[in-house]
Amino acid sequence: LYMGFAGLRQSPKALVAILGLSVLNHALWCSSQLFLAEGLGMELDWLSALVVIPIAVFFNVFGFAGGFGPGDWAYDHFFRTMLHVEGGASLGIAFRVISLVVRLAAGLPFYLLAGKPLKQGEIDRSPAIPALDENRTKE
């Protein structure tokens, strides 16, 4: 893990690409939740919601099975107290269910068509970032 991050110092383009993809991912999460909230009939101030949604998503890290418990409380509490809208937990659960369906539908073919799994003790020597392969020392 350390070598992967240390290798990014030698490849600033890869670092910028990774950070850009991360920001894009968070922007898509927030915008999809905004559209889902509109679909569920919640009238939100979009600018305020763009502050509250990442905080609620952060609380999904805690709890079990993907945030059930603290994550649902965070959606409900922050939407009620900061956005003055009821049904925040419903939005969080609906988003989690839709995300699960999309991930299964989009990822299952790749999983099923993937190469053979590694045997116990076998090490995958392929680089996570192909550009770093040339910077790798011979072992």
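Predicted model: local features only at pLDDT ≥ 70, side-chain atom pairs only at ≥ 80, totals over all residues.
1. Basis. Local features need pLDDT of at least 70 and side-chain atom pairs count only at pLDDT 80 or more, while totals for chains, interfaces and linings use all residues. Residues are numbered from 1 along each chain as its sequence is written, and side-chain values use heavy atoms, with hydrogens and water left out.

2. Fold. The protein has five helices and zero strands. Helices here are DSSP runs (H or I, at least four residues), strands likewise (E, at least two), numbered from the N terminus. The order is α-α-α-α-α. Of the 139 residues, 24% are buried, meaning under 20% relative accessible area with a 1.4 Å probe, protein chains only. Take the contacts (heavy atoms within 4.5 Å) with a separation of 6 or more: residues 24 or more positions apart account for 47% of them.

3. Helix 4 against helix 5. The axes of helix 4 (residues 70–82) and helix 5 (residues 88–113) come within 6 Å and cross at roughly 135°. Axes are lines fitted to C-alpha atoms, for helices over the stretch in contact; angles run from 0 to 180 degrees between N-to-C directions. The pair is therefore oblique, the class left once angles under 35 degrees (roughly parallel), over 145 (roughly antiparallel) and 65 to 115 (roughly perpendicular) are taken out. D72, Y75, D76 and F79 in helix 4 meet G88, A89, L91, G92, I93 and R96 in helix 5. These contact residues divide into five nonpolar, two polar and three charged. Ala, Val, Leu, Ile, Met, Phe, Trp, Tyr, Cys and Pro count as nonpolar, Asp, Glu, Lys and Arg as charged, and the others, Gly among them, as polar.

4. Helix 2 against helix 5. Here the axes come within 10 Å and cross at roughly 120°. That makes helix 2 oblique to helix 5 as well. On the helix 2 side, W29, S32, Q33, L36 and A37 meet L91, A94, F95, I98 and R103 of helix 5.

5. Q33. This residue of helix 2 is buried, at a relative accessible area of 0%. Beyond four places in sequence, Q33 touches I53, V57, Y75, L91 and F95.

Terms used: Buried < 20%, exposed > 50% of the residue type's maximum accessible area, 1.4 Å probe, protein only.
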